[in-house]
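Here is a short tour of a protein model for someone meeting it for the first time. Have a look at the sequence and the structure, then read on.

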Amino acid sequence: MATEFELIKRYFTHPVDRVLLGVGDDAALVRASPGKVLAIAADMLVQGRHFFKDASAQSIGHKALAVNLSDMAAMGAQPRWATMGIALPRADAQWVADFSKGFMRLARQFGVELIGGDTTRGPLNICVQIIGELPLRQALRRDGARVGDDIWVSGTLGDAALAVAARQGRIKLSAADLARAQRRLDQPQPRVALGLALRGVARSAIDVSDGLLADLGHICERSLLAAVVQWDQLPTSALLRRYHHHPAARTAQIAGGDDYELCFTAARSKRTALARIAVESRVELTRVGHMITAPSGIYHPVLVDRAGLPVPTKQQGFDHFD
């Protein structure tokens, strides 16, 4: 059985180009580019909470980095470096090799260098901290929305949460459809290029990790506004559309989470620019609503039908402590 330091040396030590000192010391040393600020985020994945026990090691490695890349995308930041803490039930070299393959393949795709971290024995969980760069005062923050802003969403919503609902027995999918939904759950595709393109165009942004209504609610709270979301305009995949008659599928779309798409607001004058960005980034962008003045200081989104009437929603989004 490999030791902790053998695992680190074999699977988590890689050549780095933009780092003064990387894996192997008490701390990494990096130099930010001139005129840039650092964007720093961290996300933890826990077995049984963020991925199922039978998830492959490669998919867990992919997702551990992907969810952090999504945070960089939501800020309009260029991801640069990552650190990782991982607890393993045992020193299984094959599992770690497969995990590293999934993690490092995505890291190479986005030019991210793993520069440090920690390993220990315990229930399987992974915590990644990611560091990115962006020009001063160009961050896509949550508090920048304005009254009248369009609300946009990238890609489609709900497929990943549909897989969770199926695995939990709340809806039955065909084997082929479950496999498609499971891929969306296990291998999210972070919208980094889109986030970079939205600098100077979007006024606020967030990634959809806990469900559209919940995450848009964070923009509302930070911007001191409310939002109107059109139910019939939500982007829907062909997969989800086949099950749209089922309450679990509709809940997955508005409150399921794990989409890791971007939700952002922009002035109406930016519609032409956003159409161009959608073509150039090869990501579908859908206008789903608009920001309004919050009535009586109630800062949250309201889902409405074609007639403008509120659509009842029992669940707003994923809560880690539910």
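## The chain as a whole

Of the 322 residues in the protein chain, 51% count as buried, where buried means under 20% relative accessible area, exposed means over 50% and partly exposed lies in between (1.4 Å probe, protein chains only). This is a predicted model, so local features need pLDDT of at least 70 and side-chain atom pairs count only at pLDDT 80 or more, while totals for chains, interfaces and linings use all residues. Residues are numbered from 1 along each chain as its sequence is written, and side-chain values use heavy atoms, with hydrogens and water left out.

The protein chain has ten helices and twelve strands; these are DSSP runs numbered from the N terminus, with helices being H or I of at least four residues and strands E of at least two. Take the contacts (heavy atoms within 4.5 Å) in the protein chain with a separation of 6 or more: 86% of them come from residues 24 or more positions apart.

## Helix H4 and its cover

Now zoom in on helix H4, residues 159-167. Eight of its nine residues are buried, so H4 is largely enclosed by the rest of the structure. Among the buried ones are Asp159, Leu162 and Val164. And what covers them? The cover includes helix H5 (175-186), helix H8 (238-241) and helix H9 (247-255). Just after H4, glycine 169 takes a positive phi of about 80°.

## How H4 meets H5

H4 and H5 pack at an angle of about 120°, with their axes 7 Å apart. The axes are lines fitted to C-alpha atoms, for helices over the stretch in contact, and angles run from 0 to 180 degrees between N-to-C directions. On the H4 side, the contact residues include Ala160, Ala163 and Arg167, and on the H5 side they include Leu178, Gln182 and Leu185.

## The cysteines

Cysteine 263 counts as buried because its relative accessibility is 0%. Cysteine 127, at 27% relative accessibility, counts as partly exposed.
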